[in-house]
Amino acid sequence: MSFRRRRYGRRKVCRFCADSSLKIDYKDPRTLRLFTTERGKIIPRRTSGCCAKHQRELTEAIKRARHIALLPFVATNV
Amino acid sequence: MRHYETIFIISPELSEDETGAVVEKFSGILTDAGAVMVKVENWGRRRLAYEVKKFNKGYYVLFDYGAEPAAVTEMERNFKIDERVIRFLTVKQSDEFDAEAIKAAAEAAREEQEKPQDEAQAQEEAPAASAEEKPAEAPQAEDQPEQAPQDQPEEKKE
């Protein structure tokens, strides 16, 4: 029936679209960390609910943050 | 002129004077090449997320400046040579550079940051009272979609 399409009642909304004061910045590992798993992987769009535009910015920012060692590529001590 | 931002990490083993000298050296390279520094931020010694050149900590420095591309390549060439710098990253902020506009924007952002904090606090307190009802409903809607009143009837017909 319908439960395949509507498992959850509410559609997730992009957090960056909803709150314009929230900025994506590669220098801010605290915010970026919300969008990575414990292991340090980037959380996919289907889970985070981000819109395509912001997810793209987010991956870019996370990758930059990784390069300057603000975020881990892999977190081993979990 | 383009607007750039560079972050680099200096070895944590150096003394304060020595790290200061490194920062001087690289800001000197930039200004010699005709760059205009907007700000230099010392983030201080921080823990690295992973080991870089056998170091677990590093001294972060942020440069915000306007320069020609040649100045940046010159600085990065020197970063590679200098063993005291363990990592660097340059990001182009925009193709045009206007020092005054950037300063004005920075000040506006600072003022805005101060104001919304008060508003945000007020907002947080206000919904807290009315939010008590909503979360009670929301989880139900998530767990048992059949009870969600609006969309459900149509889909059942299908």
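## Strand 1 and its partners in chain B

In this predicted model, strand 1 (residues 2-10) of chain B pairs with strand 4 (residues 85-94) of chain B in the antiparallel sense, over eight bridges. Within that pairing, E5(B) has V91(B) of strand 4 as its bridge partner.

Strand 1 of chain B also pairs with strand 3 (residues 55-67) of chain B, again in the antiparallel sense, and here the number of bridges is nine. E5(B) takes part in this pairing as well: its bridge partner in strand 3 of chain B is D64(B). E5(B) therefore has a bridge partner in strand 3 and another in strand 4 of chain B. At the end of strand 1, I10(B) stands opposite Y59(B) of strand 3. Seven of the nine residues of strand 1 of chain B are buried, so this strand is largely enclosed by the rest of the structure.

## Strands 2 and 3 of chain B

Strand 2 of chain B covers residues 36-52 and pairs with strand 3 of chain B in the antiparallel sense, over eleven bridges. One of the bridges joins M37(B) to Y65(B) in strand 3 of chain B.

Strands 2 and 3 of chain B form a hairpin with two residues between the strands. In this hairpin K53(B) takes a positive phi, near 50 degrees.

## Helix 1 of chain B

Helix 1 of chain B runs over residues 16-32. Its 17 residues, at 1.5 Å a residue, should span 24 Å, and the end C-alpha atoms are 24 Å apart, which agrees. Buried residues in helix 1 of chain B are T19(B), F26(B) and L30(B). Seen down the axis of helix 1 of chain B, the buried residues fall within an arc of 50 degrees, so they line one face of the helix.

The face turned away from the buried side of helix 1 of chain B carries exposed residues: D17(B), A21(B), E24(B), G28(B) and D32(B). The cover over the buried residues of helix 1 of chain B includes strand 1, strand 2 and strand 3, together with helix 2 (69-81) of chain B. After helix 1 of chain B comes G34(B), with a positive phi near 90 degrees.

## Chain B as a whole

Chain B contains five helices and four strands. Read from the N terminus, the order of its elements is β-α-β-β-α-β-α-α-α.

Of the 158 residues in chain B, 16% are buried. Among contacts in chain B with a separation of 6 or more, 75% are between residues 24 or more positions apart.

## Chain A

The secondary structure of chain A consists of four helices and zero strands. From the N terminus on, its elements run α-α-α-α.

Chain A has 78 residues, of which 21% count as buried. For contacts in chain A with a separation of 6 or more, residues 24 or more positions apart account for 70%.

Terms used. Residues are numbered from 1 along each chain as its sequence is written. Chains are lettered from A and ligands numbered from 1 in the order in which they are written. This is a predicted model: local features need pLDDT of at least 70, side-chain atom pairs count only at pLDDT 80 or more; totals for chains, interfaces and linings use all residues. A residue is buried if 20 or more other C-beta atoms lie within 10 Å of its own, exposed if 12 or fewer, and partly exposed in between; C-beta atoms are placed from the backbone. Two residues are in contact if their C-beta atoms, placed from the backbone, lie within 7 Å. The expected span of a helix is 1.5 Å times one less than its number of residues. The arc is that of the directions from the helix axis to the C-beta atoms.
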